[in-house]
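Thanks for coming. I'll take a few local features of this one in turn, so please have the structure open.

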Amino acid sequence: MKKTILAIAILVSLFTNSLIAQTKRVPASAGRAEYIEVEKNVRLHVTDLGTGKPIVLIHGWPLSDAMYEYQYQYLVQKGFRVIGITLRGFGKSDKPYGKYNFDVFSDDIKIVLEKLKIQNAVLGGFSMGGAVVIHYVTKYNAAHVSKLALFGAAAPSWKQRDSSPFGVTAAAGANLINQTMTQRQDLIAGFGSAFPAKEGNISKNVEKWLESINLEASPYATTQSITALLDLDLRPVLAKINIPVAIFHGTQDKLCPFPLAEELNKGIKNSYIVKFEESGHALFVEEATKFNQELEKFANK
């Protein structure tokens with residue numbers, strides 16, 4: 001009788017273990033966080049894909065990390081770990097009341113890179129994001145970063161100043177700030193024609209996609225960050241950059257004129273310009289193939 005009971009118990013155990021083995025979930029994700037807390041009650045949205053050498057991308061105004069959709073796909077296939085960080089106030093990141101300036105953005109980026117344990121990254125920034133990444137590497141002496149890439153950067157001074165006659169006038173800047181507070185939707189809709197070099201360079205669907213990303217931004221953050229950009233003059237700190245720098249810029253850029261790229265090149269040692277002859281400000285989609293290949297080449301140098 002005892003032998004029979006023992007045999008039954010063994011059979012039940014084997015059957016139960018078999019069921020558990022069949023139903024045990026094997027995690028499908030790599031365990032990476034999609035949101036990273038940078039201070040109490042403030043989380044940033046992060047796209048973190050692939051493995052290999054890290055490339056970290058910062059978006060422009062008032063976009064989000066979603067703008068790099070076609071860079072993510074390409075770079076992952078080429079064996080890179082690509083990380084897009086959405087600044088506070090934009091996209092899917094938290095949108096708290098408070099400061100939206102370049103010190104805050106740089107501090108947030110440093111915390112994300114620390115938490116992800118990133119080292120020797122290629123750090124890239126588009127438009128306002130170009131100013132952000134310059135500020136970051138000069139403030140933190142290129143911590144976690146070994147190379148810098150600037151894409152249609154709104155730098156070193158996006159507002160026209162003495163001895164820097166490029167970018168927007170003070171009056172145009174003031175009008176832009178006013179538009180963010182009084183007709184933001186119309187302002188964003190108007191980017192469709194100003195973004196590419198010419199009509200047809202990007203499709204209407206791509207225009208709608210970029211517009212939808214822009215509309216996700218906090219109206220308050222939209223105003224505060226563009227105000228901070230107009231106040232920013234990075235010319236005095238360019239000489240502090242001592243890592244390799246690639247400057248990608250559309251020669252037909254209406255929003256950040258090409259002479260800004262030349263000014264950056266003059267001010268940053270160990271830098272070079274990649275001209276996008278068929279592009280305006282939207283070089284990342286207007287000439288996406290060239291953009292991706294040149295970024296890959298720079299990262300592998």
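First, a term: buried means under 20% relative accessible area, exposed means over 50%, and partly exposed is in between, using a 1.4 Å probe and protein chains only. By that cut-off histidine 144 is buried, because its relative accessible area is 14%. Before I go on, this is a predicted model, in which local features need pLDDT of at least 70, side-chain atom pairs count only at pLDDT 80 or more, and totals for chains, interfaces and linings use all residues. Residues are numbered from 1 along each chain as its sequence is written, and side-chain values use heavy atoms, with hydrogens and water left out.

Back to histidine 144, which sits in the loop between H4 and S6. Helices (H or I, at least four residues) and strands (E, at least two) are DSSP runs, numbered from the N terminus. Histidine 144 has a positive phi of about 70° without being a glycine. Alanine 142, in the loop between H4 and S6, has a positive phi too, about 60°. Alanine 142 counts as buried because its relative accessible area is 11%. As background, most residues other than glycine have a negative phi, and most peptide bonds are trans.

On peptide bonds, the one from tryptophan 61 to proline 62 is cis, with omega near -10°. Proline 62 is in the loop between strand S3 (54–58) and H2. Alanine 155 and proline 156 are also joined by a cis bond, with omega about 10°. Proline 156 belongs to the loop between strand S6 (145–151) and helix H5 (170–182).

Next, serine 93, in the loop between strand S4 (81–85) and helix H3 (102–115). Is serine 93 buried or exposed? Buried, because its relative accessibility is 2%. Its side chain reaches the backbone oxygen of threonine 86 at 2.7 Å. Setting aside neighbours within four places in sequence, serine 93 has contacts (heavy atoms within 4.5 Å) that include Arg43, His45 and Arg88.

Last, two helices. Helix H2 (residues 69–77) and helix H11 (residues 288–300) pack at about 50°, their axes 10 Å apart. The axes are lines fitted to C-alpha atoms over the stretch in contact, and angles run from 0 to 180 degrees between N-to-C directions. Under 35 degrees is roughly parallel, over 145 roughly antiparallel, 65 to 115 roughly perpendicular, and the rest oblique. H2 and H11 are therefore oblique to each other. Among the residues making the contact are Tyr70 and Tyr74 of H2, and Phe291 and Leu295 of H11.

Terms used: Polar contact = N/O pair within 3.5 Å; in protein donor to acceptor, adjacent residues only side chain to side chain.
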